[in-house]
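Dear colleague,

I am passing on the structure we spoke about, and below it I have set out what was found. Please read the notes with the structure open beside them.

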Amino acid sequence: MSVLRNSKQKIARRYGVNLWAKAKCPVNKRKYKPGQHGPVLRSKQTEYGRQLAAKQLLKGYYNIGEKKFHAYYVEAMRRRGDTAEEIIGQLESRLDAIVYRANFACSIFAARQLVSHGHVRVNGKRVNIASYQVRVGDIVSLIEKAQKVPSVMQAKNNKVADTPDYMVVDEGKYTINYTRVPEFADVPYPVKMEPNLVVEFYSR
């Protein structure tokens, strides 16, 4: 079940960005905040505001709730290495994110639905948890029934973006080989993301 229970585009309008690079995104026509005062409202963004916006955009992009997103930060702090990079590595290792990056779903929401409905396998075993952390070397695949779903076929024919080089996709067999955990610079975000500001937000 999607955690964005309100309009999926509300966060995009709030921050004036086409968060998922959609042709029908309302920001393409109205680059101001929602509400009757949106067109005329002007506010100077504080440092806290920048940090909050960075968190909300990254969290909203992956369609994750606050509790889960904060857990990624806590785990990243526990690990050795750059905290911002560790957060991105965890987010991109999510099962729904990998299905989306492979262009087997047209959106992160559709990818989550494929997983939750039991259409995805990891190393041949059914996994219906969207946040499941795929490990390097794991093989992710769609069951035969899912391969014939119109939305999956449409996503495959109308790719949102090129498949990143940290996975190898066999489009004929609908399989994904997760070859490495990506760095922030490797991830094809359609808008500017600032995970360093997310770390600053939580470390206040």
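In the hairpin of β4 and β5, four residues lie between the strands, and tyrosine 174 takes a positive phi near 55 degrees there. Strands here, like helices, are DSSP runs numbered from the N terminus, with at least two residues (E) for a strand and at least four (H or I) for a helix. This is a predicted model, in which local features need pLDDT of at least 70 and side-chain atom pairs count only at pLDDT 80 or more, while totals for chains, interfaces and linings use all residues. Residues are numbered from 1 along each chain as its sequence is written, and side-chain values use heavy atoms, with hydrogens and water left out.

Methionine 167 has tyrosine 178 in β5 as its bridge partner.

Strand β3 (residues 139-142) is in turn joined to β1 by three bridges, the two strands running antiparallel. Strand β1 (residues 120-122) is joined to β2 by two bridges, also antiparallel. Valine 122 has a bridge partner in each of these neighbours, namely valine 140 in β3 and lysine 125 in β2.

Turning to the helices, the axes of α2 (residues 47-61) and α9 come within 8 Å and cross at roughly 115 degrees, the axes being lines fitted to C-alpha atoms over the stretch in contact, with angles that run from 0 to 180 degrees between N-to-C directions. That makes α2 roughly perpendicular to α9, since angles of 65 to 115 degrees count as roughly perpendicular, those under 35 as roughly parallel, those over 145 as roughly antiparallel and the rest as oblique. The contact, meaning heavy atoms within 4.5 Å, brings residues of α2 including Tyr48, Leu52 and Leu58 together with residues of α9 including Leu197, Val198 and Phe201.

The axes of helix α3 (residues 66-78) and helix α9 (residues 195-202) come within 11 Å and cross at roughly 100 degrees. That makes α3 roughly perpendicular to α9. Here Glu66, Phe69, His70 and Tyr73 in α3 meet Val198, Val199 and Tyr202 in α9.

Finally, a search of the whole structure finds nine aromatic pairs, a pair being rings of Phe, Tyr and Trp (its six-membered ring) with centres within 6.5 Å, called stacked if the planes are under 30 degrees apart, edge-to-face if over 60 and tilted for the rest. Tyrosine 62 and tyrosine 189 form an edge-to-face pair, 6.3 Å centre to centre with 85 degrees between the planes. This pair links distant parts of the chain, 127 residues apart, with tyrosine 62 in the loop between α2 and α3 and tyrosine 189 in the loop between β5 and α9.

Note on methods: Pairing = 2+ DSSP bridges.
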